[in-house]
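Visitor: Please show me the structure. I would like to go through some of its strands and rings.

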Amino acid sequence: MDTANPSLVSGLKMTGNGSEMSKNPTLVCVPIMADSIDKMVANMVKAKASTADLVEIRLDSLKNFNPFQDLKVLIKECPLPTLFTYRPVWEGGMYDGDEKERLDALQLAMELGADYIDVELKVAHEFIKSIDGKKPEKIKVIVSSHNYQNTPSVEDLGNLVAKIQSTGADIVKIATTAVDITDVARIFQITVHTQVPIIGLVMGERGLISRILCAKFGGYLTFGTLEPGVISAPGQPTINDLLNLYNFRQLGPDTKVYGVIGKPVGHSKSPILYNEAFKSVGFNGVYVHLLVDDLAKFLRTYSSTDFAGFSCTIPHKEAAVKCCDEVDPVAKSIGAVNCIVRNQSDGTLFGYNTDYIGAISAIEDGLRARYNISSITGSPLAGKLFVVIGAGGAGKALAYGAKQKGARVAIANRTYERARELADVVGGDALSLDDLASFHPEDGMILANTTSIGMQPKIDETPIPKNALKYYSLVFDAVYTPIITRLLREAEENGAVIVSGLEMFIGQAYEQYERFTGLPAPKEQFRRTLSKY
């Protein structure tokens with residue numbers, strides 16, 4: 001197995017023409033894909049307004065294309081430097097015509113004043129030979145290779161770079177596919193060690209970090225689309241997200257990387273929260289989505305101190321306990337870690353659990369407000385029957401937290417055996433999810449859903465029938481997309497106090513932010529940021 005480790009990247013040469021304010025020279029390129037010249041020109045103007053550095057004009061997306069006439073218009077009308085790509089079907093593009101006509105069009109673009117042209121490795125030798133002596137000084141030829149299956153080993157990637165260089169390319173472009181997020185580490189390694197300008201990108205959701213962190217590891221350019229979903233390759237972020245969510249221009253070789261590890265993970269609002277907070281205090285970090293299949297493999301691969309801290313979500317919280325060198329005693333007794341911090345002096349991993357603090361304090365606040373109880377009188381959970389749905393990491397955290405506050409605990413789970421196991425650990429009762437409908441030992445119970453039932457896109461689901469909710473005085477749901485789930489809506493209709501997963505999310509985020517940065521959490525800002533979403 002190839003676990004390349006992009007260890008601390010020092011000594012990267014910072015050259016190029018990023019904006020004055022930029023910490024890195026990596027260019028941001030907007031792909032222009034449209035079926036008419038007019039639409040292309042309109043999108044070029046939008047790209048300029050979005051502060052892109054250049055545009056990639058995908059000639060293969062045009063319905064009708066008259067090379068001489070259209071190229072002149074595109075080059076003349078474009079307010080930004082131009083990169084022309086005419087991608088054939090055999091390399092993942094849309095052009096399915098005569099090969100000579102295709103290459104002639106690229107040569108014409110070069111002669112008419114394009115800044116860059118992209119040719120595929122398969123035809124590069126011949127093409128570069130054919131333009132020998134005709135190539136204008138300013139134009140750069142990008143020679144590209146696309147692999148839609150996987151990401152080869154570091155050795156194979158190194159050989160591929162050499163092969164591309166041997167064509168006479170000015171810029172090397174390699175796009176591979178992420179089968180696993182650890183594949184991206186190999187591209188980082190190649191990017192850092194290649195002497196010529198290189199574009200190294202990994203396609204697909206597991207490859208997203210390659211498109212953001214190329215600014216840290218010295219990539220020549222990255223792509224950002226004008227609007228979500230209108231992409232020229234799988235996994236492209238929007239230029240708006242690149243520049244405003246990930247603060248792309250401010251990333252440099254010394255930027256620390258943080259992220260949320262989960263599967264699925266794309267729905268997480270954590271990157272918005274942390275990146276805005278980092279930006280507001282000038283903290284040199286970036287926080288990204290990390291779609292991880294195998295946690296141990298991920299942590300082994302990204303083992304440099306550059307990868308400084310992680311939030312851990314479903315389904316990795318329990319595995320995280322085994323992956324850390326040291327675990328906080330509370331997290332150990334819960335058996336779940338949702339926050340991993342890497343020691344900057346020796347690289348060891350320390351695991352914490354901030355889930356239960358966030359959720360339990362939000363539930364206590366809800367009860368105090370409902371019954372007008374002062375916070376001096378101890379926990380309003382003491383003596384209450386606290387029913388937890390779910391026996392995974394978050395379920396354990398809440399059961400443990402409630403127990404600590406003096407509540408009696410019952411665990412309901414799809415598989416009764418798992419409910420029984422957790423109930424035995426915290427000294428509570430166990431029932432299956434189906435039993436919940438008729439479970440009514442007393443009134444005024446507390447209910448906490450810690451499963452993903454009711455989460456987008458399955459917003460019509462709920463773990464418990466509406467009529468069973470009348471026995472609860474407070475209902476909490478850990479799901480926060482949507483903020484008001486069907487469970488919470490029906491609980492409120494039954495007169496219960498409701499506490500959304502957003503409250504738990506904000507509470508646990510305060511704690512994590514402080515562990516990541518050593519700075520006090522900007523609580524007001526966190527609330528403001530989330531209220532926008």
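Guide: In β5, Asp118 has Ile142 as its bridge partner. The model is predicted, so local features need pLDDT of at least 70 and side-chain atom pairs count only at pLDDT 80 or more, while totals for chains, interfaces and linings use all residues. Residues are numbered from 1 along each chain as its sequence is written, and side-chain values use heavy atoms, with hydrogens and water left out.

Visitor: Over how many bridges do β4 and strand β5 pair?

Guide: Helices (H or I, at least four residues) and strands (E, at least two) are DSSP runs, numbered from the N terminus. Two strands pair if DSSP finds at least two bridges between them. Strand β5 covers residues 140-146, and its parallel pairing with β4 has five bridges.

Visitor: Which helix does the chain pass through from β4 to β5, and what is the hand of the crossover?

Guide: A crossover is right-handed if, with the strands pointing away from the viewer, the path from the first strand over the helix to the second runs clockwise. The chain goes through residues 121-130, and this β-α-β crossover is that of helix α4, right-handed.

Visitor: Is strand β4 enclosed or open, and how many of its residues are buried?

Guide: Buried means under 20% relative accessible area, exposed over 50%, and partly exposed in between (1.4 Å probe, protein chains only). In a regular strand the side chains alternate between the two faces of the sheet. Here Tyr116, Asp118 and Glu120 are buried on one side, and Ile117 and Val119 on the other. Strand β4 (residues 116-120) is therefore largely enclosed by the rest of the structure, the buried count being five of the five.

Visitor: How many aromatic pairs are there?

Guide: Rings of Phe, Tyr and Trp (its six-membered ring) pair if their centres lie within 6.5 Å; planes under 30 degrees apart count as stacked, over 60 as edge-to-face and the rest as tilted. By this rule the number of aromatic pairs is 21.

Visitor: Why is the pair of Tyr356 and Tyr400 classed as it is?

Guide: The ring centres of Tyr356 and Tyr400 are 6.5 Å apart. Tyr356 is in helix α13 (residues 355-371) and Tyr400 in helix α14 (residues 393-404), so the pair ties together parts 44 residues apart in sequence. Because the planes of the two rings are at 90°, the pair is edge-to-face.

Visitor: What is the relative accessible area of Tyr356, and of Tyr400?

Guide: Tyr356 is buried, at 12%. Tyr400 is partly exposed, at 23%.
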